Amino acid sequence: MLAIYKRELKSYFTSMMGYVFVAFVLVVVGIYFAAYNLNAYPLIGYTLYNVTFLFLILVPILTMRSLAEEQRNKTDQLLYTSPVSLLGIVIGKFLALISVFGIPVLVICFYPQILGQYGTVNMPMSYLAIFGFFLLGCAYIAIGMFISSITESQIIAAVISFVVLMASYQMEGIASFFSDTAVTSLIAFSVLFLLIGVGYGVAARNVVMPAVLFVLAEAVLGGFYLANSVWFEGAFAAMLKKLNLAGLSYNMIQSGILDFTNIVFYLSVIGFFLFLTVQSIKKKRWN
């Protein structure tokens, strides 16, 4: 795993990608820092929360080559037959990605000290905000890495990652299109299960198993609805709001509040998408 990590990290700085990523983050954060913190607000979290849109652009570009390039160059066959386990390969690549992201975050850690030269700064709140910003970036990177594992094209990986992250970023607005009635949630969940079933069927090239799972899911869903339809009121909209990763980081980043629920949530997102990445690689290897 260490060899994979060193190889990946070196590759980002052998090319210009690593340098461009670090420079772009520091330039944009520096502009917002000068505009907000040095002029008015002594909280670094205010700046960091307002630059979370950077992830929509930079994460797809950073992660698009992580696994898609291996497939395009056919070096994935050598990589997957190496003594390193698939989990070790995925973790090694992920650690390299977050190391690149960690460089500008490490520089940002000096910003509260700069603010402290001009007045009183709440250091615990500032560093909690930076920690929340880092966790959010790691969650986005895990998502982008999974998407890179399902295609051979870096461009397609970048576009899909952008669309997925943008959808997550705008999930509050998307949720507002759904009413809070129980029937709306029931129909929405039914359509969602159908789409998942179709997607699984296409990926697995198997119609029977997804169809059986879809029927069972619909039966369970209908049973819960008949038992107590109140459970479904506003349930789908609430679920969509939970998919807004940036919105959930408000307490930690902008407010600098220690929120263990958010920490566990982001770690769960990271673990879940790393697991999906491993499963995606396994499927391709056996094929």
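**H1 against H7**

I began with helix H1 (residues 2–14) and H7, whose axes come within 8 Å and cross at roughly 40 degrees. This is a predicted model, in which local features need pLDDT of at least 70, side-chain atom pairs count only at pLDDT 80 or more, and totals for chains, interfaces and linings use all residues. Residues are numbered from 1 along each chain as its sequence is written, and side-chain values use heavy atoms, with hydrogens and water left out.

I noted how the terms are set. Axes are lines fitted to C-alpha atoms, for helices over the stretch in contact, and angles run from 0 to 180 degrees between N-to-C directions. Helices (H or I, at least four residues) and strands (E, at least two) are DSSP runs, numbered from the N terminus.

H1 and H7 are therefore oblique to each other. For angles, under 35 degrees counts as roughly parallel, over 145 as roughly antiparallel, 65 to 115 as roughly perpendicular, and the rest as oblique. H1 passes H7 in a right-handed crossing. Right-handed means that the near helix is turned clockwise from the far one by less than a right angle, left-handed that it is turned anticlockwise.

Next I listed the contacts, meaning heavy atoms within 4.5 Å. From H1 come Ile4, Tyr5, Arg7, Glu8, Leu9, Tyr12 and Phe13. They meet Ile89, Gly92, Lys93, Leu95, Ala96, Leu97, Ser99, Val100 and Ile103 of H7. By class, this contact of H1 with H7 has eleven nonpolar, two polar and three charged residues. Here Ala, Val, Leu, Ile, Met, Phe, Trp, Tyr, Cys and Pro count as nonpolar, Asp, Glu, Lys and Arg as charged, and the others, Gly among them, as polar.

**H2 against H7**

I then took helix H2 (residues 17–37) with helix H7 (residues 86–108). Their axes come within 9 Å and cross at roughly 30 degrees. H2 and H7 are therefore roughly parallel to each other. The crossing of H2 past H7 is right-handed. On the H2 side I found Gly18, Phe21, Val22, Val25, Leu26 and Val29. On the H7 side I found Val100, Phe101, Ile103, Pro104, Val107 and Ile108. The classes for H2 with H7 are eleven nonpolar, one polar and no charged residues.

I checked burial in helix H4 (residues 54–63). Buried means under 20% relative accessible area, exposed over 50%, and partly exposed in between (1.4 Å probe, protein chains only). Eight of the ten residues of H4 are buried, so this helix is largely enclosed by the rest of the structure. The buried ones are Leu54, Phe55, Leu56, Leu58, Val59, Pro60, Leu62 and Thr63. They pack against H1, H2, H7, helix H9 (123–149) and helix H10 (154–169).

I followed up H10. The axes of H4 and H10 come within 9 Å and cross at roughly 150 degrees. That makes H4 roughly antiparallel to H10. Their crossing is right-handed. H4 contributes Phe55, Leu56, Val59, Pro60 and Thr63 to the contact. H10 contributes Ala158, Ser161, Phe162, Leu165, Met166 and Tyr169. I counted nine nonpolar, two polar and no charged residues between H4 and H10.

**Cysteines**

I looked for disulfides, taken as a pair of cysteine sulfur atoms within 2.5 Å. The count is zero. Cys109 is in no disulfide, and the nearest cysteine sulfur, that of Cys138, is 13 Å away. For Cys138, the closest cysteine sulfur is in Cys109, too far for a bond. Cys109 is partly exposed, with a relative accessible area of 24%. Cys138 is buried, at 4%.

**Two single residues**

I looked up Ser126, which sits in helix H9. Ser126 is buried, with a relative accessible area of 1%. Leaving aside its neighbours within four places in sequence, Ser126 is in contact with Ile44, Pro112 and Val121.

I also looked up Leu87, in helix H7. Leu87 counts as partly exposed, at 49% relative accessibility. I took the C-alpha separation of Leu87 and Thr261, which is 26 Å; these two are 174 residues apart along the chain.

**Whole chain**

Last, I took totals. The protein chain has 17 helices and zero strands. Its C-alpha atoms fill a box of roughly 65 × 50 × 30 Å, taken along the principal axes. Of the 287 residues, 42% are buried. Among contacts between residues at least 6 apart in sequence, 79% join residues at least 24 apart.
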